[in-house]
Every structure is written in C-alpha cells, then in structure tokens.
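Hi,

Here is the structure I promised to pass along.

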Amino acid sequence: MVEQVLASRVAVVMGCARGIGARTAEVLAERGAAIVLADIDEAAVVANAKSLVHQGYMALALSCDIRDERAVERVMNTAVAQFGRLDILHNNAAAMHLIANDGDVLSMDMDLWDQTLAVNLRGQLLAARAALPHMLAQGRGCIVNMASVAGLQGDLVLTAYGASKAAVGQLTLSIATQYGRRGIRCNAVVPGLIRVIRPTGGLPEEALRAHLRHQLLDVVGEPDDIATAVAFLASDDARFVTGQLLTVDGGLTAHASSFAEAYEASQRIGTS
C-alpha cells in the first residue's frame with residue numbers, strides 16, 4: 001500500500017488530460033491528496049477524474065485554457081471552495097501540439113512562438129499567481145513547475161519550446177526566492193526523454209536508439225519516473241528543498257558531449 005504522505009492535502013494539476021500529467025494526478029491521489037484536474041480537454045479530464053473517484057480518491061475535473069487568466073483563477077478558487085484549501089500546484093500544461101513545427105530561428109513562425117510561450121510560460125505564471133494568495137493565506141504551499149532538458153541545451157530545432165522551458169527554470173527561482181520566507185516552496189522537474197503515447201504517435205525506433213546513445217542509463221523514461229519526482233517535491237520529505245531544478249533524464253545532461261563516441265570506442269576495445 002502506498003504511504004499517504006499527502007493526506008489532507010489539496011493539489012491542482014494543470015495539464016493532465018493524458019501522459020505525464022494524468023499519471024501525476026493519479027500518483028498524488030494515491031498518496032492521499034484531493035485532486036483538481038484542469039485541462040483544456042474537458043472530456044479527457046472528466047474521464048480521468050471519474051476513474052480516480054471510482055478508485056476511491058477525491059477528485060474534481062475542470063475545463064481550463066491556461067492562457068485565460070480568469071479561467072485559471074476560477075480553478076484555484078473552485079479548489080478552495082470544494083476542498084477548503086490549496087496546498088500543491090503542479091504546472092504541467094504545455095503546447096505539445098506545436099512542437100512538430102517548432103524549427104530554427106530563421107524558419108520560426110511568430111504565431112507558433114507566441115502560442116508556445118503563452119501556454120508554456122505565461123500559463124505557468126498565471127497559475128502560480130492565482131494559487132499563491134491561497135497558499136500565502138494559510139502560511140504554506142508548494143508549487144512544482146514542469147521544465148525540460150530542452151531548456152538546458154541548444155538544439156537544431158525546438159527553438160520556442162526550449163526558450164519557454166528555460167524561462168520556466170528562472171520563473172521557478174523567482175517564486176522560490178520571493179515567497180520562501182512566507183512558507184512557499186517552489187521547484188521544477190526537468191524531464192528528459194519520456195515514453196508517452198500521443199495521438200500523433202510515439203518516437204520512431206531509430207530516433208529512440210539515437211537518443212539512448214547519449215544517456216548514461218540504457219532505459220527509456222516513463223511517466224511514473226516524473227510523477228514520483230513531482231510527488232516527492234510536493235511532500236514533506238522535501239520540506240528543505242526549494243529553488244531547485246530536479247533533472248530526471250537518465251543522465252542525458254550529466255556528461256561531456258563526447259560520451260557516446262568514447263563509450264562505444266571503449267566497448268569495441270573491450271571486445272577485441
């Protein structure tokens with residue numbers, strides 16, 4: 001049985017129709033929190049909430065476009081009205097439908113750029129700003145943002161996505177610094193490659209193998225790897241942790257750029 005480390009806590013998960021967000025909502029519920037699931041895909045979050053309730057957890061689904069300031073405020077206010085408090089905000093909403101066309105600087109479509117930052121960055125700010133007054137009133141709270149290794153490294157593509165996620169890291173530090181003395185902790189999880197099944201399909205096998213060459217661990221990350229990291233940061237086990245970017249990437253960003261070639265050369269020598 002999972003330890004109820006979040007018993008009596010209330011969590012809002014922004015962006016939880018499927019994938020990492022949906023699994024994170026479930027993991028937080030398993031650990032005892034009452035969950036408010038918010039996403040622009042109303043049908044999906046309603047189904048997710050019904051599933052949680054069927055399993056015996058407390059859950060409520062709300063439709064929310066994270067770009068809409070009033071809609072975001074309604075989510076936080078409803079969480080408090082329904083469950084009496086707001087302890088945890090997990091900012092997971094992201095414009096993943098745009099990344100397929102997110103290229104280099106010269107080819108950047110400015111509407112794509114604006115939409116990406118509106119969801120990935122402005123949306124996280126709006127959610128934090130709407131949650132903070134409730135958390136400050138009770139003298140404690142925890143915000144866990146979702147960043148990405150794309151915000152730590154340059155790439156030939158994903159210019160808008162990478163910039164938005166890099167800025168999420170700075171937003172995390174700002175919140176942690178500005179409100180830590182008032183009982184608020186703020187951290188971010190920084191995922192690497194995570195196996196998520198999307199309507200558009202998954203990563204081609206050839207691309208997956210190419211990516212794994214550059215990880216230190218020869219495994220593909222799963223939504224559980226991120227969900228449990230969020231749950232840790234949201235719990236009192238992390239009561240002394242704030243202003244941190246917790247990288248969960250199988251060692252992708254932990255080594256020199258020549259790692260893959262050097263490792264493969266050593267393997268050839270070892271078997272010759």
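Below is what turned up, starting with how the values were made.

This is a predicted model, where local features need pLDDT of at least 70, side-chain atom pairs count only at pLDDT 80 or more, and totals for chains, interfaces and linings use all residues. Numbering runs from 1 along each chain as its sequence is written, and side-chain values use heavy atoms, with hydrogens and water left out.

First, a helix pair. Helices here are DSSP runs (H or I, at least four residues), numbered from the N terminus. The axes of H3 (residues 69-83) and H4 (residues 110-138) come within 9 Å and cross at roughly 35 degrees; axes are lines fitted to C-alpha atoms over the stretch in contact, with angles from 0 to 180 degrees between N-to-C directions. On the H3 side, Glu-69, Val-72, Glu-73, Met-76, Asn-77 and Val-80 meet H4 residues including Leu-126, Arg-129 and His-134 (contact means heavy atoms within 4.5 Å). The residues of this contact divide into seven nonpolar, two polar and three charged, where Asp, Glu, Lys and Arg count as charged, Ala, Val, Leu, Ile, Met, Phe, Trp, Tyr, Cys and Pro as nonpolar, and the others as polar.

Then the salt bridges (a side-chain nitrogen of Lys or Arg within 4 Å of a carboxyl oxygen of Asp or Glu): the whole structure has 14. One of them joins Glu-26 to Arg-23, with the closest N and O atoms 2.8 Å apart. The two are about one helical turn apart because they sit three residues from each other in H1 (residues 19-30).

Cheers
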